Amino acid sequence: MTAHPNRKSAPADPARNPEPAEVLALREALGLSQSALVARLPHGITVRTWQAWEQGERRCPPYAWAYVRAQLGVLRLPEKAKTR
């Protein structure tokens, strides 16, 4: 199927499930332990949930990933975390 000629392609959706390596990289880039990172979040995410996201046991939902990054003031991963 081809795109409609009069429609622009949609921008990449920023709401997505991060890979486990991205979840780990975010925490490491901030220099925090799992419990210290979770303590900086208001509520709703436990240390066990964070561990499951880092280890790939469960996928971090897009809304949770956006929430975590907003609460931590990190809209993008730092460059050093991207080069893994």
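Visitor: Leaving aside residues up to four places away in sequence, which residues does Val38 touch?

Guide: This is a predicted model, in which local features need pLDDT of at least 70 and side-chain atom pairs count only at pLDDT 80 or more, while totals for chains, interfaces and linings use all residues. Residues are numbered from 1 along each chain as its sequence is written, and side-chain values use heavy atoms, with hydrogens and water left out. Contact here means heavy atoms within 4.5 Å, and Val38 has its place in helix α2. Not counting residues up to four places away in sequence, Val38 touches Ile45, Thr46, Val47 and Trp50.

Visitor: How many helices and strands does the protein chain have?

Guide: Helices (H or I, at least four residues) and strands (E, at least two) are DSSP runs, numbered from the N terminus. Along the sequence the pattern of the protein chain reads α-α-α-α-α, and the secondary structure comes to five helices and zero strands.

Visitor: Which residues does Val68 touch, not counting residues up to four places away in sequence?

Guide: Val68 is among the core residues that touch the most other members. Not counting residues up to four places away in sequence, Val68 touches Leu26, Leu41, Ile45, Trp50 and Trp53.

Visitor: At what angle do α1 and α3 pack, and is that oblique or roughly parallel?

Guide: Axes are lines fitted to C-alpha atoms, for helices over the stretch in contact, and angles run from 0 to 180 degrees between N-to-C directions. Angles under 35 degrees count as roughly parallel, over 145 as roughly antiparallel, 65 to 115 as roughly perpendicular and the rest as oblique. The axes of α1 and α3 are 6 Å apart, with an angle of about 125°.

Visitor: How does the contact of α1 with α3 divide by class of residue?

Guide: Ala, Val, Leu, Ile, Met, Phe, Trp, Tyr, Cys and Pro count as nonpolar, Asp, Glu, Lys and Arg as charged, and the others, Gly among them, as polar. On the α1 side Pro20, Val23, Leu24, Leu26 and Arg27 take part, meeting Trp50, Trp53 and Glu54 in α3. The residues of this contact divide into six nonpolar, no polar and two charged.

Visitor: Which residues in α4 meet α1?

Guide: The axes of α1 and α4 come within 12 Å and cross at roughly 10°, which makes α1 roughly parallel to α4. From α1 the contact takes Glu22, Val23, Leu26 and Leu30, and these meet, in α4, Trp65, Val68, Arg69 and Leu72.

Visitor: What is the relative accessible area of Arg69?

Guide: Arg69 lies in helix α4, and leaving aside neighbours within four places in sequence, Arg69 is in contact with Leu26, Val74 and Leu75. Arg69 is counted as buried because its relative accessible area is 18%.

Visitor: Which side chain does the side chain of Thr49 join in a polar contact?

Guide: A polar contact is a pair of N or O atoms within 3.5 Å; within protein, one must be able to donate a hydrogen and the other to accept it, and residues adjacent in sequence count only if both atoms are side-chain atoms. Thr49 is found in helix α3 and counts as buried at 17% relative accessibility. At 2.9 Å, the side chain of Thr49 is joined to that of Thr46.

Notes:
Core = buried A, V, L, I, M, F, W, Y, C linked by side-chain atoms within 4.5 Å. Buried < 20%, exposed > 50% of the residue type's maximum accessible area, 1.4 Å probe, protein only.
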